[in-house]
Amino acid sequence: MSGPTGDRMIRVDMTNLTATTDPFPDEWKLLGGRALSAKILITECDPSCDPLGPDNVLVMAPGVMSGSSAPTSGRISIGGKSPLTGGIKEANAGGNPGQDLMRLGIRAVIVKGKAADPDKRYAVDITGDDITVKEVTDVKGMWNYALIDHLAKSYSDSASFVSIGPAGEQMLKGSSVACTDADQARRPARHAARGGLGAVMGSKGLKYVSIDAGKAKLRQPANRKDFAKFNKEATKGYLDGPQMFKTGTSSFVGIANMLNTFPYKNRIEGQSPDAQTLDGARIVESFETRGGGMHNCMTGCIVQCSNIVHDKDGNYKTSALEFETLTLLGANCAIQSWEDVADLDRLCDDVGLDTVETGAAIAILMESGGLEWGDAEGAKNLLQEIADGTELGKAIGNGADAIGKHTGNKRIPTVKGQAIPAWDPRPLKATGITYATSPMGADHTAGLIINPGLPPEEFARASQEIQLINCVTDSSGFCQFFGPTLDETRQYYGLLYGEEVTREQISAQGWQCLQDEWEFNKRAGFTAADDVMPECMKTDPIGPAKVVFDVPADVIASAYQRFEAREELYTTKPSG
Ligand code: SF4
């Protein structure tokens with residue numbers, strides 16, 4: 001078989017502070033990102049291990065197409081056993097680390113063990129032929145932005161970084177892994193946010209990974225001419241289409257509010273009276289007077305959904321301020337202004353936290369009387385408390401379940417310990433099935449269906465199909481917002497490797513990824529009793545129709561039995 005050759009995997013042993021390389025198995029050539037991470041975890045990680053102990057395995061795996069000239073294809077998956085859910089986790093990020101690793105032919109970085117001295121910090125430097133593990137205790141406790149500014153002085157301009165902030169170093173369960181974006185400033189603004197994988201990285205004593213691909217070339221496809229032609233058609237097809245993400249996901253506030261899935265005050269309502277002041281249109285308007293604008297978070301992205309947000313003085317504040325963040329840290333906390341949410345987003349990125357989990361946790365604290373609804377300054381102070389490691393800061397930083405225990409509040413909107421994202425399972429019941437059955441816990445990127453009118457008999461099938469499609473997309477390196485169908489992804493794989501990839505092969509890959517992940521969770525102790533929506537989603541109605549999540553358990557369970565493939569499986573775009 002032709003196509004990219006000489007691929008390898010890096011193995012980092014944090015106990016002995018060594019790094020080695022293994023050849024990448026040829027039979028895994030079509031595995032990347034999420035599917036590769038799942039395969040490595042089911043093979044090499046004991047599902048019953050302590051997620052913050054030496055036996056957990058942290059995987060950094062770029063997608064199959066990363067490092068190639070295919071548009072919007074350079075994403076990376078961070079995987080491991082989640083300290084938040086206790087199950088398998090994959091969190092996907094843009095930025096350039098995925099592109100750079102694949103240009104070096106590195107299909108995965110597998111980190112095992114744990115540094116002997118918890119007070120020391122380490123980094124892994126990856127260049128063309130050299131991989132070094134070194135002590136960097138001088139950057140201990142640094143926030144992500146300060147860290148990258150500091151590193152920029154000593155690393156080459158071509159290096160990209162994967163890092164954690166103080167939340168990850170404290171092993172807080174809501175902590176994220178930051179990836180630097182494609183801009184010259186290399187901002188740590190792209191986060192593999194969900195599931196607390198920053199805590200796994202922190203538990204190992206690993207503060208950052210640098211990747212310097214230097215002048216390494218893009219991955220060369222086996223069938224260059226046809227690959228280039230297909231690229232041209234795919235790019236034209238996207239640019240001639242509706243370009244739904246042209247002004248970013250923040251523009252979805254209006255439609256979500258209309259559909260009663262813009263949760264307000266810890267999801268007691270589905271609409272916010274502040275939808276106008278939180279709408280992404282306000283951010284777009286600010287570009288004219290303050291600067292900022294839309295950009296691509298990774299090299300080769302033609303979608304450019306990521307906004308760069310400036311403050312009143314025209315200085316950079318944050319990127320990207322997305323719909324999920326405006327919902328969870330805005331409406332859900334009754335915080336009215338998008339500018340306050342921008343401050344909170346920047347703080348979360350800097351401290352190294354998932355904005356969804358943190359927003360859900362702050363809302364629970366507010367509902368419990370620990371902070372006034374809408375108190376933006378109080379919320380910002382809480383972010384500082386998380387960085388400082390106060391008792392309250394730790395409870396918030398450990399996520400929604402933890403602050404629920406801390407406050408005694410029983411309205412905790414989580415599934416498998418992970419906060420429900422913006423898209424609400426009461427009007428969007430098929431999405432609720434995704435939250436209940438996804439190996440990831442409540443995660444809209446695992447399979448979102450924005451169709452409140454979907455007939456009940458279609459709920460389970462629709463959820464299963466989109467979960468499978470999203471598995472393939474998150475394994476390919478393509479961004480969900482570029483959205484190739486299974487047919488398009490398999491054609492790309494075929495041109496990259498010079499042999500046909502069939503519909504059966506590509507759908508089998510998505511299904512196998514789910515099977516591997518479900519099996520991991522089963523071995524970790526999960527049962528059908530964990531596939532339930534929290535009580536508040538079943539009893540607290542929202543919207544004029546007073547909807548609750550009322551999908552019967554047997555319908556939820558049917559998402560595990562594979563439905564016969566129909567044409568739509570291969571022609572539907574991913575959704576997240
Ligand atoms: S579409 Fe948006 S999130 Fe996806 S790679 Fe491009 S800028 Fe990043």
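Predicted model: local features only at pLDDT ≥ 70, side-chain atom pairs only at ≥ 80, totals over all residues.
Student: Let's start with the sheets. In what order do the strands of the open sheet that includes S1 lie?

Tutor: When you read a sheet, follow the strands by who sits beside whom. Here 6 strands make an open sheet, and the order is S2-S1-S6-S3-S4-S5, with mixed pairing. Its edges are strand S2 (18-23) and strand S5 (88-93), each of which pairs on one side only. On average, neighbouring strands in this sheet are turned by 20° against each other, direction ignored.

Student: How many bridges join S1 to S6, and do they run parallel or antiparallel?

Tutor: Strand S1 (residues 8-13) and strand S6 (residues 106-112) run parallel and are joined by 6 bridges. To find one on screen, look at methionine 9, whose bridge partner in S6 is alanine 108.

Student: Which strands stand at the edges of the sheet that contains S8 and S11?

Tutor: Start with the order again: this open sheet of 6 strands reads S8-S7-S12-S9-S10-S11, and its pairing is mixed. Strand S8 (131-135) and strand S11 (190-192) are at the edges; each has a single partner strand, so one side of each has no neighbour in the sheet. Neighbouring strands here are turned by 20° against each other on average, direction ignored. Within the sheet, strand S7 (residues 122-126) pairs with strand S12 (residues 206-212) in the parallel sense over 5 bridges. Alanine 123 has tyrosine 208 as its bridge partner in S12.

Student: And how does S9 pair with S12 and with S10?

Tutor: S9 runs antiparallel to S12, with 5 bridges between them. It is also antiparallel to S10, joined by 2 bridges. Two pairs to look for are valine 162 with valine 209 in S12, and serine 163 with alanine 178 in S10.

Student: How many residues of S9 are buried?

Tutor: In S9, 5 of the 5 residues are buried, so the strand is largely enclosed by the rest of the structure. Ala159, Phe161 and Ser163 point one way, Ser160 and Val162 point the other way, and all are buried. Helix H3 (residues 144-152) lies across strand S9 (159-163), strand S10 (177-179), S11 and S12, and runs at about 150° to S9.

Student: What should I look for in a nonpolar core?

Tutor: The general idea is that in soluble globular proteins, nonpolar side chains tend to be buried together. In this model, the largest nonpolar core has 127 residues, and Met65 and Ile362 touch the most other members. Among the contacts of isoleucine 362 beyond four places in sequence are Leu329, Cys333, Leu371 and Ile396. There is also a second, separate core of 32 residues, including Ile106, Tyr122, Val124 and Leu206.

Student: Is serine 250 buried or exposed?

Tutor: Serine 250 is buried, because its relative accessible area is 1% and the cut-off for burial is under 20%. The residue lies in the loop between helix H6 (224-239) and helix H7 (253-258). Leaving aside residues up to four places away in sequence, serine 250 touches several residues, including Asp279, Asn307, Glu322 and Phe323.

Student: What about backbone angles?

Tutor: Most residues other than glycine have a negative phi, and most peptide bonds are trans. Leucine 17 is not a glycine, yet has a positive phi of about 55°. You will find leucine 17 in the loop between S1 and S2, where this residue is partly exposed at 31% relative accessible area. Arginine 186 also has a positive phi, of about 50°. Arginine 186 sits in the loop between S10 and S11 and counts as buried, at 8% relative accessibility.

Student: Which residues does the cis peptide bond join?

Tutor: The cis bond joins serine 319 and alanine 320, with omega at about -15°. Alanine 320 is in the loop between strand S15 (316-319) and helix H10 (323-330).

Notes. Residues numbered from 1 in each chain as written. Heavy atoms only, no water. Pairing = 2+ DSSP bridges. Helix = DSSP H or I, 4+ residues; strand = E, 2+ residues; numbered from the N terminus. Axes fitted to C-alpha atoms, helices over the stretch in contact; angles between N-to-C directions. Buried < 20%, exposed > 50% of the residue type's maximum accessible area, 1.4 Å probe, protein only. Contact = heavy atoms within 4.5 Å. Core = buried A, V, L, I, M, F, W, Y, C linked by side-chain atoms within 4.5 Å.
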